[in-house]
Amino acid sequence: MLYRESGDFKTSYSADQQTFPIRLDRHMVYGILAFAFLVVPFLINDYWEKSVLLPFLVWAMAALGLNILTGFCGQVSLGTGGFMAVGAYACYKLMVAFPWLNMFVVVILAGLITAMVGVLFGLPSLRIKGFYLAVATLASQFFLIWLFNKVPWFYNYSASGMIAAPERTLLGIPVTGAEAPPWMTYLFCLTLVTVFAFIAHNLVRGRIGRSWMAIRDMDIAAEIIGVPPLKAKLSAFAVSSFYIGMSGAMMFALYLGSAEPSDSFGIAKSFLVLFMIIIGGLGSILGSFLGAAFLTLLPVLLKNIMVGGFGWPPDLAAHLELLLIGALIMFFLIVEPHGLAQLWRVTKERLRLWPFPH
Amino acid sequence: MAEPTQDGRKIGGTLLEVKNITLSFGGVKALTDISFDIKEGEIRAIIGPNGAGKSSMLNVISGFYHPQQGEVWFRGQKRASMRPYEVARQGIARTFQNIALFKGMSTLDNLMTGRITHMHKNLFWQAIWKGPAEREEIAHRERVEHIIDFLGIQAIRKTPVGRLPYGLQKRVELGRALAAEAKLLLLDEPMAGMNLEEKEDMCRFILDVNDEFGTTIALIEHDMGVVMDLSDRVVVLDYGKKLADGTPNEVRNDPAVIEAYLGVGH
């Protein structure tokens, strides 16, 4: 009764296949976007930027990318950390080599470079499937991290082996470096994530998305219906790596400010993103955001409650936090194995009928 | 060439011809020296006992298996060795014996996937969506809606196919093959596991597709009643060899066929 689509008639195919077909959904999304773009920048401070909003946006971008590959095209990858490193180092090299380049262009170019690397490491997927592919992509993770540690050219021969983002401005306001105001970095990331979330949705609802999902669901039938497996899989790897590369670039240039391959982009990050999309919902754009929120915001919330609210010692809180997150992951996966996005879908169906049982 | 049949349909020249196909897996010969043709506009049945090589034959035509010897001629041209998606692009669509739908997608998306060989807008336009990609999508949606209408599956348009009952899944799979608007439609046991009513529906669809759209159909089926009623010509395989080829009546009275199916005392 609360949430319903009756009376919301569609008279054209374009209205029927729009991004948010239900009016209430549409208004809700516009409302959230308006709040995020128009209100949050005035409220944001350093703490909210560095501990809450930027990590959420960066990981949401990475989760979107991996979800395209794993959730929509069915190719499991454990190379996310490595691809994020490619994006970060490409971003660094571009920032240093072309100081005048617009930061949006830098991040997108970093994504494109990662896309090319992703295609290269996606080639084995034509022969290898499932868990075996996961192991093959693991090789890319270790190789890329090794490469960025070993070849000094990538970190411009700096003594520490780290890369640090130089200051770049956008419309005269610093967007990277220590001087960048929180609202600027936030708006920069928010714009990128919003635009590319819509693009991801456009890709998965059209011809290309269908060819990915066909390969995921039944690769033999997909081929017989006219989907070239090579093109479908490699395009999924390319688009996915593009997103992951952008998230790596954002993580390095805007969120962390400096990076070091083994710590910032290790195997733990690959698993983290994989967990995000499994908990959020494979094959769902919304799921990528929910999963990223779950694994980046919940720890912050728990820490605030336990340390700030109850006044417990921080070390105890840190351990309890791990326990609680682990338990919650298990709880949600038992309640709904298809992730938070499916939970939301089921809730919506219930809301449509509420308070009646049928 | 066109000679009208009793019911007034037009049967044209040869659409597809297989010549001396021999296919073996290691030492096992699945097909031995098989030749037959499929004429434009006809319904051609391939029958035979289990393991006769019927599905192998279909897999050769749709490019899954590459025979050791023999040629496939399609629309008057000898076909080079092809991958299945290239065969699809040439205009051959098929369904599978055990349903091979895309389970995570809705009925509509499954049918839209069937039109993939006709859609060409690239990644860039797809990403922008508004404009060319959306126009293309809507144009193809209209075609697909015709097929949804034809098969009477409007109510399950947006249902994920994994939730549908078996009979409907078979129907959706036929729809997906129809959406390709192929010249030649290969149906691998379209009526397997169906009840009488569903079989009758499916027969009606097959006849209507052939009649209304002029689609050439090659089907494998075990229900002899269906085969004899539907098909214009029948080819009979047994142990990978061709036993007989002709109209249903000729085949029915062929001693070799009777022996293969019923067994004859010696």
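Predicted model: local features only at pLDDT ≥ 70, side-chain atom pairs only at ≥ 80, totals over all residues.
**Entry 1: confidence**

I began with the scores. The model has an ipTM of 0.89 and a pTM of 0.91. For chain B the average pLDDT is 89. In that chain, 95% of the residues score at least 70.

**Entry 2: where the chains touch**

I looked up the contact between the chains. Chain B gives 31 residues to it, and chain A gives 26 residues. Which elements of chain B give two or more residues to this side? I found helix 2 (84–90), helix 3 (107–114), helix 4 (123–128) and helix 5 (132–151) of chain B. Helix 5 of chain B has the largest share, with five residues. I then sorted the side of chain B that touches chain A by class. It has 16 nonpolar, six polar and nine charged residues.

**Entry 3: A100(B)**

Next I picked one residue of chain B. A100(B) sits in the loop between strand 8 (92–95) and helix 3 of chain B. Is A100(B) buried or exposed? It has 21 C-beta neighbours inside 10 Å, so it counts as buried; the cut-off is 20 or more. I listed its contacts, leaving out residues up to four places away in sequence. A100(B) touches M218(A), I220(A) and A221(A). I also checked a pair within chain B. A100(B) and K170(B) are 70 residues apart along the chain, yet their C-alpha atoms are separated by 9.2 Å.

**Entry 4: helices 2 and 7 of chain A**

I moved to helix packing in chain A. Two packed helices are described by the angle between their axes and the distance between the axes. I took helix 2 (residues 23–43) of chain A and helix 7 (residues 182–205) of chain A. Their axes come within 10 Å and cross at roughly 170 degrees. Angles over 145 degrees count as roughly antiparallel, so these two helices are roughly antiparallel to each other. From helix 2 of chain A, the contact uses L33(A), A36(A), F37(A) and P41(A). From helix 7 of chain A, it uses W183(A), Y186(A), L187(A), L190(A) and T194(A). By class, this contact of helix 2 with helix 7 has eight nonpolar, one polar and no charged residues.

**Entry 5: helices 8 and 10 of chain A**

I turned to another pair. Helix 8 (residues 207–217) of chain A packs against helix 10 (residues 229–256) of chain A at about 105 degrees, with the axes 9 Å apart. That angle makes helix 8 of chain A roughly perpendicular to helix 10 of chain A. I208(A), S211(A), W212(A) and I215(A) of helix 8 meet P229(A), A232(A), K233(A), S235(A) and A236(A) of helix 10. I counted six nonpolar, two polar and one charged residues in this contact.

**Entry 6: helix 6 of chain A**

Helix 6 (residues 130–150) of chain A has 21 residues. From first C-alpha to last it reaches 31 Å, close to the expected 30 Å. I noted its buried residues, among them L133(A), A136(A), L144(A) and F148(A). The buried residues of helix 6 pack against helix 4 (80–97), helix 5 (103–122), helix 11 (261–264) and helix 12 (267–280) of chain A.

**Entry 7: positive phi**

Most residues other than glycine have a negative phi. D33(B) is not a glycine, but its phi is positive, about 50 degrees. D33(B) lies in strand 4 (residues 28–39) of chain B. E181(B), also not a glycine, has a positive phi of about 50 degrees. E181(B) lies in the loop between helix 6 (166–179) and strand 9 (184–188) of chain B. With 17 C-beta neighbours inside 10 Å, E181(B) counts as partly exposed.

Key:
Residues numbered from 1 in each chain as written. Chains lettered and ligands numbered in written order. Axes fitted to C-alpha atoms, helices over the stretch in contact; angles between N-to-C directions. Helix = DSSP H or I, 4+ residues; strand = E, 2+ residues; numbered from the N terminus. Parallel < 35°, antiparallel > 145°, perpendicular 65-115°, else oblique. Contact = placed C-beta atoms within 7 Å. Nonpolar A, V, L, I, M, F, W, Y, C, P; charged D, E, K, R; others polar. pLDDT = per-residue confidence, 0-100. Expected span 1.5 Å × (residues − 1). Buried ≥ 20, exposed ≤ 12 C-beta atoms within 10 Å, placed from the backbone.
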